[in-house]
Amino acid sequence: MTAWPTQAAAPTPAPSWSAAVLARATYVILPPRIEGNVNLVTGEQRTAILEAMRRDSARAIKRRYPQATIATDPQTPDAVKVTPVLTAPQALVPWAKLTAHLYFDLGDGQRVAVNDQFGLLTLWQQQADAANYVYDRLAQKLP
């Protein structure tokens, strides 16, 4: 008789990555980063984009989890540390895509990434609400 290997079960997410825990967590937004071709925008535009990333990622988390707390001190005990990252395309052409990431460093040492791609034309249509649009879309992917 031949023993067939059993199918491995999918890994179970850590208890800290659940809607119940995240809904009441304290979050600290760490300094956002732009990766890829950062020279597509001027220094002034880059500063405005980084500020929008910090502000709008925090607001999107708060809209997703109204009971959550947003703290500013990275030393806040048991806080979920969130790093917003945008990966810029190589060129500013209408069909290019930008990738947005939110990295969550959980209190138990686990790191979880949520990301999505966005067409530059779609983001251009959002105008001043582009960062808000991006982070709301990412927040919808949270448990």
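Residues are numbered from 1 along each chain as its sequence is written. In this predicted model, local features need pLDDT of at least 70 and side-chain atom pairs count only at pLDDT 80 or more, while totals for chains, interfaces and linings use all residues; side-chain values use heavy atoms, with hydrogens and water left out.

**Exercise 1. The overall fold**

Task: State how many helices and strands the chain has, and in which pattern they follow.

Solution. 
- Step 1. Helices (H or I, at least four residues) and strands (E, at least two) are taken as DSSP runs, numbered from the N terminus.
- Step 2. On this basis the chain has 4 helices and 6 strands.
- Step 3. Along the sequence they follow the pattern α-β-β-α-β-β-β-β-α-α.
- Step 4. The C-alpha trace spans about 65 × 40 × 20 Å along its principal axes.
- Step 5. With contact meaning heavy atoms within 4.5 Å, residues 24 or more positions apart account for 62% of the contacts with a separation of 6 or more.

**Exercise 2. Strand pairing**

Task: Determine in which sense, parallel or antiparallel, β1 pairs with β3 and β5 runs with β6.

Solution. 
- Step 1. Two strands pair if DSSP finds at least two bridges between them.
- Step 2. β1 and β3 pair in the parallel sense over 3 bridges; in β3, A71 is the bridge partner of V28.
- Step 3. β1 is also joined to β4 by 3 bridges, and these two strands run parallel. Here I29 has V82 of β4 as its bridge partner.
- Step 4. β5 and β6 run antiparallel and are joined by 9 bridges, with R111 of β6 as the bridge partner of D105.
- Step 5. β5 and β6 form a hairpin with 5 residues between them, and G109 in the turn has a positive phi of about 90°.

**Exercise 3. Helix α2**

Task: Compare the reach of α2 with the expected span, and identify what covers its buried residues.

Solution. 
- Step 1. The expected span of a helix is 1.5 Å times one less than its number of residues.
- Step 2. α2 (residues 43-64) has 22 residues and reaches 31 Å from its first C-alpha to its last, close to the 32 Å expected.
- Step 3. Buried means under 20% relative accessible area, exposed over 50%, and partly exposed in between (1.4 Å probe, protein chains only).
- Step 4. The buried residues of α2 are A52, M53, D56, S57, A58, A60 and I61.
- Step 5. Their cover includes the strands β1 (26-29), β2 (33-36), β3 (69-71), β4 (80-88) and β5 (97-105), as well as helix α4 (130-139).

**Exercise 4. The largest nonpolar core**

Task: Find which residues have the most contacts inside the largest nonpolar core, and which element gives the most to this core.

Solution. 
- Step 1. A nonpolar core is a set of buried Ala, Val, Leu, Ile, Met, Phe, Trp, Tyr and Cys residues joined through side-chain atoms within 4.5 Å.
- Step 2. The largest such core has 33 residues, and W17, Y27, V82, F104 and Y135 have the most contacts inside it.
- Step 3. Two or more residues each come from β1, α2, β4, β5, β6 (111-119), α3 (120-126) and α4.
- Step 4. α4 gives the most to this core, with 6 residues.
- Step 5. Outside four places in sequence, W17 touches L22, F104, L106, Q110, V112, V114, L142 and P143.

**Exercise 5. The largest pocket**

Solution. 
- Step 1. On a 1 Å grid over the protein atoms alone, a pocket is an open set of points where a 1.4 Å probe fits, with protein on both sides within 12 Å along at least five of seven lines; lining residues have an atom within 4 Å of a point.
- Step 2. The pocket is lined by 27 residues, of which V41, I49, L98, L123 and A130 are the closest to its centre.
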